[in-house]
Every structure is written in C-alpha cells, then in structure tokens.
Amino acid sequence: MFRHVSLQSSFAARSIARNAGCRRLASTKTLKETLQEVIPPKQEQLKRLKAEHGHTVVGDVKVENIIGGMRGLKAMLWEASVLDPIEGIRFHGLSIPDCQKLLPSSPGGKEMTAESMLWLLMTGKVPTPEQSKQLSDELVERGELPTFVEKFLDSLPKTLHPMSQLSMGVAALNHDSAFQAAYERGIKKPDYWTYTLEDCLNLVAKLPALAARIYRNIYHSDKSIAPTDRNLDLVGNYSNKLGFGDNQAMTEYLRLYIALHGDHEGGNASAHTAHLVGSTLADPYLSYAAGLNALAGPLHGLANQEVLRWQMAMQKEIGDTITHDNIKEYLWKTLKGGQVVPGYGHGVLRNPDPRFVALLEFAKSRPELQASPTIQLVQQTAEVAPDVLKEHGKTKNPYPNVDAASGCVLYHYGLTEFKYYTVIFGVSRALGAVTQLVWARALGLPIERPKSYSMDALEKLIKN
Ligand code: CMX
C-alpha cells in the first residue's frame, strides 16, 4: 500500500488558474501530475519482480481450476484493490470504513465522492479535498456528450435493455478516442498511458450524461434533462440529470453506491473483461463497453435488478403478512425450482459482503428507509436466507452480496425501474476498470493469452 493523507496545500496559493481546460489551485497537483510521480517507482518494482522472481512459484494449477472458471487461480496483476474472502474488499489497503472516514465528500454531503475514490484507486493516495474538487472540476469540463451520440441514444427503441444501450453508447464514444488517434499517428510505448488516461477521464466524465440520457429516454421522455451544474460533483450531476437532484438523501446514497461498487479486484467478470480487451490495445471505450456486457449477466451485475424482481414476486405471493417462515418457504420454492437466489453467494467472498453491510447501515441511519417495507424485506430475507442456503448445501457462500441491498434504497426513493439498476453499477465500475487500463499501459503489461486445453489434452497431461 502506498498512501498519503496529509492535507498538503496551505491554501496559500488560492489563485485559480486554467490548466488543461480545468480550474485548479496552483499548489494542487492534478491527477496526471500525481500519476507521473507514482508510476516510476511502480515500474521499477515490476522490473525487480520480473528479474528476481520471474520463476518463483506462487501456487499450483489444479484440474479443478481449469474446469472451474479459473476460481482461485493467481493469474492477474491488478493494482487498485485486493479482495479477502473473509474481510472483503480493500482499496490500496483501505477498508470500506477507512474510506468512509478518510475520503473527501462533496460540500454539504457526508458520503465519499466518486472523484475521491477514483483518485485513491489511480494513485494509491488519499486525495486532499482540493485534489478531489479539482478532479471534479476537470470531469465536469469533459462531461458533455458528442451530439451524434445523443442522437444515436435517442434513436434506440425504449424496449432495448438499458445495459445494451449503455454498452453501445460507450463503444460509440471511441469515435473521439485520443489513444486510438495517437496510435494511428505512431506513438512510443512509454507514452501509451497518457493517451489512455485522457480517454479514461473522458469516459468517466461522460458516463453520467450517457447513463442519465438512457434513463430519461426510456422512462421519462416527456421531460428534459437537467443541464450540467459546474458546482456539483460527478454524482451530484448524475442524480440531477436522472431527475433526483432535489432528493439529498438519494444523491448521498448514489455517492456511496458508486464509490463502493468502483472496484472489486481484477478477476470479476466485468473488470477482467475490460482488462482483457484493453490488453489488445483496444481503446478504453471499446474495452469498457466489453466489460459492461459482462456486467449485464444475471450472475454478475444484473443480479441487483434480479433481486428486486425476485423480491417483488415474493411479496406478491406472500401478501402483507411477512414472516420468517413464509420467506423461508419462498426461498425453498426458488431453490427447488432450480433457480439461484439472487443477491446471495459469491465467487470469492465467504462472509457477508461488507458493501452489503455499508449499504444497509445507510438504510438504518434514516428513519424513512427503516420504515420502508421493501428494505424491511431485504433485512428479513438476510436473516433467513443463509440458513436455508446452508441447508440446501450447494452454495459455498450462503451470505448476502452487495446486490442483495443495492436496489432497495433506489426503489424506496422512487427509482423503481429496476431494469435500470445495473446501469448505475456500470457508471461505478468504470472507476476500477479505467484505473487498471491506465496502469496496464503504464506498466507495459502484455496482451493476455492464457493456455487452454481440450479434455483429451488434459487427460494426456495428467497421464504424463
Ligand atoms: N442460490 C442458489 N444456488 C447458488 C447460489 C445462490 N445464491 N450461489 C451459488 N449457488 C450454487 C451454484 O449455482 C453452484 O451450483 P452447481 O454446482 O449446480 O453449478 C453451487 O452453488 C456452487 O457455487 P459457488 O461455488 O458457491 O458459487 P460460484 O462461484 O460458482 O458463483 C455466484 C458465484 C455469485 C455466481 C453465485 O453465488 C450466484 O449465482 N449467486 C446469485 C447471483 C448473484 O447474486 N450474483 C451477484 C454476485 C455479485 C456480483 O458479481 O455482482
């Protein structure tokens, strides 16, 4: 872990300068300048690892890894976060409560901003409030959508799933890719990361406008979309454009949601897909569009939509009198029907997901959420489901994952169109995916190319 918590600049230089199209404090280093400082030692570390430990064995490859979706294989470099099966996620060594304590919030808010999480993921350092604000300003400057993308989104049928629209919109942004243009001109490898960073910042900046336009087009096409407010952070503007800007609690929830979902180490399907595609030197837009397609699977990000759908069906069947016994009965009905219980289980975690805990804490801190039947049902289900799943005996982790809780607060505050929920996840997961795209280029990581085997070839290998 490498971090730096000092509140560096003494406001001595408060003069506001225009630099690279954004407002900045003269004493405050930009994200790019900070990266220029933190990248060389990491490049040296990688060189050392290669030279001194290139042949050091750190684990075995078992047949069960090969046929079991590569579970547990130590096979990827991912700088921003590490997932412990018991403790959950840490971002550059910081737990979720650490981040909640240390990362700057927006003016008037309590929850960490997406910008401060992005800064932490990218640099390994806790940003000062000035750095976080400066990044906010920079993203606002970059946030406008090209007109052809707006027209393209407006032309899509409302019946096309919001995740398909998001992935198509992100892919279309590659029209203006700085990396692709520079590559075509001919650039040297050490310069790759700066063009990649340029695209990545543009992508993160444009995602709220893109995602909000999809929401408004599909569900509220009669009303216009709020213009960008230059005094707001990324999520403040996202909430505004969605139409929830007047609801401070909803905006705060979105901030927490987006920061928490930002990264979950590298092996999860969306992060890994973006990384794999990026390793071909496809630009960040194409890489992340691919990652979004992985996120749209019901075993991964689409689970937050599925949780609400499943819960509504349960509520309809059970009626108003909800007890542990009738929740238990519905869980068994789901399992006996051969379906998974959405929001439960995990490929790595073996304890309740600390992101689930943090989101539920948010719900517990507000009386209106505590009184919500939807949230009460989430809590009651979490009290019953682990024992049922243990008795069922298949799931390695019978506890709730983040998706068990993520949608219910949105639902309570009026974002009831649950087919849209994974789009919010997609706005968030970009933070981790783009971080890795920048670092993969800064470290000169090669194209990914694991070895595959047929079953016959595997049996031959076993015999030998
Ligand atoms: N309900 C019912 N059965 C489940 C289950 C659940 N919630 N979770 C796992 N199982 C089953 C698996 O389907 C598997 O069954 P088979 O042996 O018949 O194939 C068995 O238990 C063993 O699976 P596992 O090793 O515990 O879990 P995996 O690593 O294979 O899968 C996950 C992990 C998340 C896909 C799985 O737990 C699941 O399907 N959960 C429900 C969907 C969900 O909530 N996904 C969101 C995860 C978080 C995220 O990525 O966003």
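This note sets out, point by point, what can be read from the predicted model shown above.

1. Basis of the note. The model is a predicted one, in which local features need pLDDT of at least 70 and side-chain atom pairs count only at pLDDT 80 or more, while totals for chains, interfaces and linings use all residues. Residue numbers start from 1 along each chain, following its sequence as written.

2. Overall fold. The protein chain holds 21 helices and 4 strands, where helices (H or I, at least four residues) and strands (E, at least two) are DSSP runs numbered from the N terminus. Its radius of gyration is 22 Å, close to the 23 Å given by the globule rule for 464 residues, so the chain is as compact as a globular protein of that length; the radius is taken over C-alpha atoms, and the rule is 2.2 Å times the number of residues to the power 0.38. The C-alpha trace of the protein chain spans about 65 × 60 × 45 Å along its principal axes.

3. Of the 464 residues in the protein chain, 44% are buried; a residue is called buried if 20 or more other C-beta atoms lie within 10 Å of its own, exposed if 12 or fewer, and partly exposed in between, with C-beta atoms placed from the backbone. Two residues are in contact if their C-beta atoms, placed in that way, lie within 7 Å. Among contacts between residues at least 6 apart in sequence, 74% join residues at least 24 apart.

4. The nonpolar core. In soluble globular proteins, nonpolar side chains tend to be buried together. Here the largest nonpolar core has 112 residues, of which Leu203, Val204, Ala211, Tyr288 and Val434 touch the most other members; such a core is a set of buried Ala, Val, Leu, Ile, Met, Phe, Trp, Tyr and Cys residues joined through C-beta atoms within 7 Å. Helix α9 (residues 192-219) gives the largest share of this core, 15 residues. When residues up to four places away in sequence are not counted, Ala211 touches Leu166, Tyr238, Val423 and Val427.

5. Helix α10. This helix (residues 234-242) is mostly covered, with 9 of its 9 residues buried. Among the buried residues are Asn237, Tyr238 and Lys241. The cover over the buried residues of α10 includes α4 (114-123), α5 (129-142), α9, α11 (248-260) and α20 (421-442). Just after α10, Gly243 takes a positive phi of about 110°.

6. The annotated site. An unreviewed UniProt entry carries the annotation "active site" for His300, His346 and Asp403; UniProt positions are given in the numbering used here, feature names are shortened, and annotations may be inferred rather than shown by experiment. These residues span 104 residues in sequence, yet no two of their C-alpha atoms are more than 10.6 Å apart, so they gather at one spot.

7. The two histidines of that site. His300 lies in the loop between α13 (284-295) and α14 (303-318), and with 19 C-beta neighbours inside 10 Å His300 counts as partly exposed. Leaving aside neighbours within four places in sequence, His300 is in contact with Asn268, Ala269, Ser270, Ala294 and Leu295. His346 is placed in the loop between α15 (324-336) and α16 (354-364), and His346 is buried, having 22 other C-beta atoms within 10 Å. Again not counting residues up to four places away in sequence, His346 touches Asp353, Asn397 and Asn401.

8. Positive phi values to check. Most residues other than glycine have a negative phi. Phi of His92, however, is near 45°; His92 lies in the loop between β4 (88-91) and α3 (96-102), and counts as buried with 21 C-beta neighbours inside 10 Å. Glu265 likewise has a positive phi, about 50°; Glu265 lies in the loop between α11 and α12 (269-278), and counts as buried with 20 C-beta neighbours inside 10 Å.
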